[in-house]
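We will start with the whole chain and then go to single residues.

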Amino acid sequence: MNSKKYDQQRIHLIVKRLKNTQVEFLECKLPQDFSHCLKIAVLIDARVEEVFSLVSNINNHVLFWPEYEFKSENDGKLRKNLIYYTREKGAEKWTKYQIVDFKENSFYSEEMLEEDTFLKKLWYEHYFIPVDK
C-alpha cells in the first residue's frame, strides 16, 4: 500500500482533514525499561485504509510534519523491524527509530533507539480504529 494510488488533490484533502482533527491523550502503560510512552487518539474524518495508506510509508510523514525530515534504510514502507530516522529541518543529529510491531490498516508501534536525547527511551503506539458516526 502506498500513496501513489491517490491523486494529489485527494492526498491533500486527507492531509487537511488530518491537520484539522480532534486529538485525545490516553493513559499509556509504559513498557519495561522505557522512560516515556505516548498514546494519542486522533479522530479523523476519513476511512482507516486511506489514512493508513499514507502514513504507512515513512517518506509521506513530511506531508503531516513539514518541519521534520525523515529517511529510512530501505524503501520507507512501514513493517516490523524497519529502521528509520527523523530530525528537525536543519538539525545535525538524526534520531533513530525501529518499528517493533505492525498490523496492516490497524496498528504499528515503534521505539526510539537513541539514548543520548532528552528522553531516555520512548515508545509510540499508533492505532487505526474505525469510528461509527
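Colour the chain by secondary structure. From the N terminus on, the elements run α-β-β-β-α-α-β-β-β-β-β. That comes to three helices and eight strands. Helices here are DSSP runs of H or I with at least four residues, strands are E runs of at least two, and both are numbered from the N terminus.

Before going on, note that this is a predicted model: local features need pLDDT of at least 70, side-chain atom pairs count only at pLDDT 80 or more, and totals for chains, interfaces and linings use all residues. Residues are numbered from 1 along each chain as its sequence is written, and side-chain values use heavy atoms, with hydrogens and water left out.

Now show the surface. The protein chain exposes about 8700 Å², by the Shrake-Rupley method with a 1.4 Å probe, where for residues only the protein chains shown count as cover. Carbon and sulfur atoms supply 49% of that area. Of the 133 residues, 38% are buried.

Next, select strand S4 (68-72) and strand S5 (83-88). Asparagine 81 lies in the loop between them. Its phi is near 75°, a positive value in a residue other than glycine.

Move on to strand S6 (95-103) and strand S7 (107-112). The loop between these strands holds asparagine 105. Asparagine 105 is not a glycine, yet its phi is positive, about 60°. Is asparagine 105 buried, partly exposed or exposed? Its relative accessible area is 22%, so it counts as partly exposed. The cut-offs are under 20% for buried, over 50% for exposed and partly exposed in between (1.4 Å probe, protein chains only).
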